[in-house]
Amino acid sequence: MNGIFAAVFLISAVMLLICDPEGFLPALLSGGEKAAALSLSLLAVYCVWLGFFKVLEKSGLAGKLSRGVFPLAKRLFRTDDKEAATLASCNLSANFLGLPGAPTPLGIKAVEKFCAAQNHYAADMLFVLNATSLQLLPTTVIALRLSAGSASPSDIFLPTLLSTLLSTLLGAMLVMIFCRKRKRKA
């Protein structure tokens, strides 16, 4: 993937140097400034939500939420491993709040536990649910729209909720169907 990005950048740079040599350096610097500003605004969003998640954890509310979600997670992932289901629940909860990068370590630990228990269905389901990522609060997209100067950055709320709900339901159904077929072939 890095090779593809490098090739696209080099081809674009050569084309810009041929077509508009005086505009090359200003365009390069402007792109760097925009990338730095975007990175800082996303960093601020992540700091706020990670702080919120840490407060939930320290106050014990995260544990209560995960205990409340455990019966659903147990059925969804078809597991009796409480620790793995709790890790998966926390991962999905953080994604639900719009923190796609923050819960990655939890998801990796959950998948390791599922695979160690030979529960490939649960690992597949967690992977698909992470990829479809049902989001109540699309904080990253709202932050991107805000940094791009959108007049109403939160207008994305309802379309994001509906599209992620549909993709999550479809993805979960497909995992259930294909894992059932895989069991029959085995």
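## Lys74 and Asp80

Lys74 is partly exposed, at 36% relative accessible area. The model is a predicted one. Lys74 pairs with Asp80 in a salt bridge, and their closest N and O atoms are 3.7 Å apart. Asp80 has a relative accessibility of 65%, so this residue counts as exposed; the cut-off for exposed is over 50%.

A search of the whole structure finds two salt bridges.

## Lys113 and Glu83

Another salt bridge joins the side chains of Lys113 and Glu83, at 3.5 Å from N to O. Glu83 belongs to helix α4 and Lys113 to helix α5, so the pair ties together parts that are 30 residues apart in sequence.

Both partners have intermediate accessibility. Lys113 is partly exposed at 28%. Glu83 is partly exposed too, with a relative accessible area of 46%.

## Helix α4: length and ends

Helix α4 covers residues 82-96. Its 15 residues, at 1.5 Å a residue, should span 21 Å. The end C-alpha atoms lie 20 Å apart, which agrees.

Asp81 caps the N-terminal end of α4. One of its side-chain oxygens is 3.2 Å from the backbone nitrogen of Glu83. Glu83 also holds the salt bridge to Lys113. Just after α4, Gly98 adopts a positive phi of about 85°.

## Helix α4: buried residues

The buried residues of α4 are Ala84, Ala85, Leu87, Ala88, Ser89, Cys90, Asn91, Ala94 and Asn95. Their cover includes α2 (24-59) and α3 (61-77). It also includes α5 (104-116) and α6 (120-132).

How values were computed:
Residues numbered from 1 in each chain as written. Predicted model: local features only at pLDDT ≥ 70, side-chain atom pairs only at ≥ 80, totals over all residues. Heavy atoms only, no water. Helix = DSSP H or I, 4+ residues; strand = E, 2+ residues; numbered from the N terminus. Expected span 1.5 Å × (residues − 1). Buried < 20%, exposed > 50% of the residue type's maximum accessible area, 1.4 Å probe, protein only. Contact = heavy atoms within 4.5 Å. Polar contact = N/O pair within 3.5 Å; in protein donor to acceptor, adjacent residues only side chain to side chain. Salt bridge = Lys/Arg side-chain N within 4 Å of Asp/Glu carboxyl O.
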